[in-house]
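Here's a quick tour for anyone meeting this protein for the first time. Take a look at the sequence and the model, then follow the notes below.

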Amino acid sequence: MNELRSLANDPMWNQGETKGVYRFPIPTDRDFSNEDSKLAGGIPEDQLYRIGPFTAAKSPNSHIGPFKWAIDFLVPDGTEVLAAEAGQVVEAVDSFTEWGPTEEFRDKLNYLTIRHDNGEHSQYCHLAPNSFGETGIKVGDRVEKGRVVARVGKTGWTDRDHLHFFVFRVGKLPGSPYGSYSLRVRFEEQ
């Protein structure tokens with residue numbers, strides 16, 4: 001984490017927007033306004049923002065460096081997670097049940113990654129235990145845009161219900177020890 005923090009504000013992470021235009025990774029036909037105001041409790045005002053119909057939060061501890069453009073959608077546990085674009089599921093972990101507000105929980109995260117035809121990848125983090133497996137999808141399967149791929153659930157390093165989502169490109173930037181970097185996501189208009 002110290003290496004990540006030392007590179008947190010380097011301009012190399014400003015690699016622009018996604019090539020693709022993505023759908024929101026959670027349902028847009030549901031009103032989360034009652035839940036998101038509760039979930040935003042305790043988050044400093046300057047870390048909250050609106051993106052489409054959702055309240056989102058910046059995390060000064062984890063939205064840095066190659067994860068700079070990650071988005072924390074404040075939605076309750078159990079919310080369906082949708083494929084933001086068609087692609088192949090290339091990795092999934094959904095066996096962890098632990099979570100907590102400190103870095104010691106970092107490696108107990110349930111997540112899945114989808115590789116898209118345009119070469120970009122999307123990643124969905126803080127998934128409910130076994131929720132990927134319950135969909136019947138397996139690593140290697142192709143999923144269509146909008147398909148339910150999991151459910152939100154507190155796992156890993158977190159202190160509240162939310163979906164941590166980002167789109168990234170694989171490749172090392174000059175001066176970076178990391179093999180990928182996030183992009184500012186272009187979402188479909190609602």
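## Quick briefing

The structure holds 13 salt bridges, a salt bridge being a side-chain nitrogen of Lys or Arg within 4 Å of a carboxyl oxygen of Asp or Glu. Keep in mind that this is a predicted model, where local features need pLDDT of at least 70, side-chain atom pairs count only at pLDDT 80 or more, and totals for chains, interfaces and linings use all residues. Residues are numbered from 1 along each chain as its sequence is written, and side-chain values use heavy atoms, with hydrogens and water left out.

**Salt bridges**

- Side chains of opposite charge can pair when their charged atoms come close.
- Glu134 pairs up with Arg151, and their closest N and O atoms are 2.8 Å apart.
- Glu134 sits in the loop between β9 and β10 (142–143) and Arg151 in strand β11, so this pair ties together parts that are 17 residues apart in sequence. (Strands are DSSP runs of E, at least two residues, numbered from the N terminus.)
- Glu134 is exposed, at 55% relative accessible area, while Arg151 is partly exposed, at 28%. (Buried means under 20% relative accessible area, exposed over 50%, and partly exposed in between, using a 1.4 Å probe and protein chains only.)
- Arg106 and Glu103 form another salt bridge, at 3.8 Å from N to O; Arg106 is partly exposed at 39% relative accessibility, and Glu103 is partly exposed at 34%.
- Asp159 and Arg160 also meet in a salt bridge, at 3.2 Å from N to O. Here Asp159 is partly exposed, with 48% relative accessible area, but Arg160 counts as buried at 16%.
- Asp77, Lys154 and Asp161 are linked in a salt-bridge network.

**Nonpolar cores**

- The largest nonpolar core has 29 residues, and those with the most contacts inside it are Phe73, Tyr124, Leu163, Phe165 and Phe187. (A nonpolar core is a set of buried Ala, Val, Leu, Ile, Met, Phe, Trp, Tyr and Cys residues joined through side-chain atoms within 4.5 Å.)
- At least two residues of this core come from each of β3 (54–57), β4 (71–73), β8 (111–116), β11 (148–151), β13 and β14 (180–187).
- β13 gives the most to this core, with 3 residues.
- There's also a second, separate core of 6 residues, including Leu7, Met12, Leu173 and Tyr181.
- Leaving out residues up to four places away in sequence, Phe73 touches several others, among them Phe24, Ile51, Leu163, Phe165 and Phe187. (Contact means heavy atoms within 4.5 Å.)

**A closer look at Ala84**

- Where is Ala84 found? Ala84 is in the loop between β5 (80–82) and β6 (87–93).
- Ala84 is buried, with a relative accessible area of 0%.
- Not counting residues up to four places away in sequence, Ala84 touches Tyr22, Arg23, Tyr124, Lys145 and Phe165.
- Ala84 and Lys145 are 61 residues apart in sequence, yet their C-alphas are 5.6 Å apart in space.

**The largest pocket**

- The largest pocket is lined by 32 residues, and Ser59, Ser62, His126, Trp157 and His164 lie nearest its centre.
- β9 (121–125) and β13 (163–170) are the elements that give two or more residues to the lining of this pocket.

Key:
Helices (H or I, at least four residues) and strands (E, at least two) are DSSP runs, numbered from the N terminus. On a 1 Å grid over the protein atoms alone, a cavity is a set of points where a 1.4 Å probe fits but cannot get out, and a pocket is an open set with protein on both sides within 12 Å along at least five of seven lines; lining residues have an atom within 4 Å of a point.
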